[in-house]
Structure formats: C-alpha cells, structure tokens
Amino acid sequence: MKSFFQNRLSAVAEKGNYRTLSTLRHTGNKIETSDGQVLLNLSSNDYLGIASDFSLRETFLSGLTADRFLPGSSSSRLLTGNFDIYDRLEARLAELYKSEAALVFSSGYHANTGLLPAVTTRNSLIVADKLVHASLIDGIRLSPARCIRYRHNDYDQLEEIVAKEHARCDVIVIVTESLFSMDGDEADLIRLTAIKRRYPQVLLYIDEAHAVGVRGAQGLGCCEEAGLLPEIDFLIGTFGKAFASTGAYVICTQTVREYLVNTMRTLIFTTALPPVNLEWTLFVLNKIVTMTDRRAHLQRISRMLYEPLNRLNGESFRSSSHIVPCIAGASERATRLAKEVQKAGFYVLPIRPPTVPEGTARLRISLTADCTADDVEKLLSVIVK
C-alpha cells in the first residue's frame, strides 16, 4: 500500500502541485519564515487587520473573568453545549441583519456541507456557479438534489436553466458566493434577486465569507451594500476571516432555523464551539460595525492593486475587491513568480490546481487594512515589469 500512495503523490509532484506545511512565526502583519526572512503577509484572510491588532486583544482580555473563560464546550449544542453566549451572539446577528433568526456553526465548511443536504430533497434542484468554493461543492455532493452548474456569473444561462426546470422541482436553490475567493470578482446580486422574484420555487443561497466585515455600511457584506438583505433566503457568513475568529453563521427565518436544528447533521453531530471563542466573536462583531475607516482604506488600496493587475490578467479575470489574482497559467510559473515576490519582502503563495482550474495557476494577493499605499506600489513594481 505504501507504493500506492507514493505513486499518487509522485503524480501530484510531477504536475507542479506538491504542497508542504510551513511553520511560521507571526508578528503583527509580518511573517517570519523558518530561514529568518521577515515578510509582509499578503496571504492572510485577516482583511481588517483584527488578528494583528494587539490593543483589541488587550481590551477583550481585560474584561474576561475566570468564570467566563471557558475554553471548551465538551458537548454538542443539542446536549449541554448550547451556552448562553450562543443566544447572545445569534440575537445580535439577527438584530444587525434585521432578520428573524441566525444560527451559528462550528465552521464555514460545516455550514456549507450541512445546509444544502438539509434543505433539499430528491425533487429539488441546486443551480450553482461554476466557481463556488470546495465546501459548497461538497455540500452539493452530499445533497439528494440534482445539480446543474452554470458558467461563472453567466446569468443568461442561469435563467435558461431555471425557466426550463422550475415546473418539475419543489425548490430550486441558486448557490453562489457574493465575492469569489480566488478571482476577487463579485456576483450580480440585483440580477439574482430579479430571477428569484420571477420564479416562486427559487431560493437564494449567498456565501458572503469573503465579504462580511469588509463590505457594506456595517460590514455585513455585499448583500447589505446592495440593499438586498430581505431577499436572501440563506445568507452565509464566516467568523474565520475578517472577524479573526472561528465559526460561521446563517441568516434565515425562524422556521428555517428550527428546521436546521432538527435536521442539519453538521450541527447535530459536532461539538459546540468553545464559549470563550464565542465571547471573542461577539466582541469583534460589535467592533466591526464601526470600522468604516478601515473598510474605506482597504477599498482604496485594493483599487490601486486590482486596476493594473486586471489589465495584466485580461478580460477573463476582473477583480473588484481586496482579493486580487495575478494569473500565471502553469503551476511552475506561479511557483517561480511567488519566489520572486517573496524575495522582495511579500509573503504571497502560489495557488494551483485543484484549488483553481488547470491552466489558471496564480498568485492570490489578499490585502488587509494593515497594508499601506507604499506597500501596494512596491508590490506592483515587482509584478508589473
């Protein structure tokens, strides 16, 4: 059996897609590598710089007493793990989103792999954007529903599918990210809600993992920014990126919340999050809604980066956010380019298949509110020659 796995591993390496785990030391928004190199971290999802904000941690810890420091829940939520901090966090989320309910999960992966199987039947149809995240693809595979994938952001094709299929389905769940994690471009939420209004069977499932914290007046995401929060049936957010925490949530109706509590396997059969982690999440949530200056700064420096790189990448890759790809094509070329950028002082990693389609290996640059305009100009001087 050793040769079986060795041969398969060798095949991965031959394609230029071999990966290793690197142990890194973090200091603010810098990373120190094992060979002592100190680099600006541009591979993090710490979009608002909260994870590297020492003063926020000090403030949180100063109000944390021993009786509130509960590092483990020791149970699922349906047994003894549903501490009152869950109620407070979910109530605050529902209040901010002006929704009937919210439900918190242990991770974004749990949310996406558990929700879609729970809310669909054999008579349902999932219609998903071609570039949705791997967690959504896994949720689709676990679902009893049929699935059709539409070309990335091709809403004419999407509507053709819905028009053809709607009469034979109990529900059609349209699944997309609002802000796509590898290309940095956005879904047309106005067009999606227009399709939903025309077909009563349609439900909208919007994954806002890379938009919450960053977009919208209160940092609630692209749906808030577009003024479409009431139109979204399942709005998925994560705490593991801009929130510098862990876990995820869905914004939904009270009926859907109760239904998920009774049917969603990744909620029922997993240990609840540690209460101290949820306390931190609620603390950060209340800070994020006021961080308009950080959001504005991030948008300014993002535009400085994505406008020239969009020209370099061509029409197929048009970022409009803090996630900016630099398309290399072949995996080997992406790896070489990453090494050049690292030598210049930036921790940027190559993204290769199967994370992205064959022939689209890239550098994925993640700007954070800690970055400066000078950082962006220096990075561009290395990439755009």
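1. In which sense do strand E3 and E12 pair, and over how many bridges? Strand E3 (residues 38-41) pairs with E12 in the parallel sense, over 2 bridges. Two strands count as paired if DSSP finds at least two bridges between them.

2. Before going on, a word on what you're looking at. This is a predicted model, where local features need pLDDT of at least 70, side-chain atom pairs count only at pLDDT 80 or more, and totals for chains, interfaces and linings use all residues. Residues are numbered from 1 along each chain as its sequence is written, and side-chain values use heavy atoms, with hydrogens and water left out. The helix (H or I, at least four residues) and strand (E, at least two) labels are DSSP runs numbered from the N terminus.

3. Now try the helices. The axes of helix H13 (residues 292-313) and helix H15 (residues 373-383) come within 9 Å and cross at roughly 15°. Axes here are lines fitted to C-alpha atoms, for helices over the stretch in contact, with angles from 0 to 180 degrees between N-to-C directions. H13 and H15 are therefore roughly parallel to each other (angles under 35 degrees count as that).

4. Who touches whom? On the H13 side, the residues include Ile 301, Met 304 and Leu 312, while those in H15 include Val 376, Glu 377 and Ile 383. Contact means heavy atoms within 4.5 Å. By class, this contact has 11 nonpolar, no polar and 1 charged residues (Ala, Val, Leu, Ile, Met, Phe, Trp, Tyr, Cys and Pro are nonpolar; Asp, Glu, Lys and Arg are charged; the others, Gly among them, are polar).

5. Have a look at Ile 351 in strand E13 (residues 350-351). At 17% relative accessibility, Ile 351 counts as buried (under 20% relative accessible area; exposed is over 50%, partly exposed in between, with a 1.4 Å probe and protein chains only). Beyond four places in sequence, its contacts include Met 182 and Arg 364.

6. Most residues other than glycine have a negative phi, and most peptide bonds are trans. Ser 74, not a glycine, has a positive phi of about 65°, and at 73% relative accessibility Ser 74 counts as exposed. Pro 353 and Pro 354 are joined by a cis peptide bond, with omega about 10°.

Notes
Angles under 35 degrees count as roughly parallel, over 145 as roughly antiparallel, 65 to 115 as roughly perpendicular and the rest as oblique.
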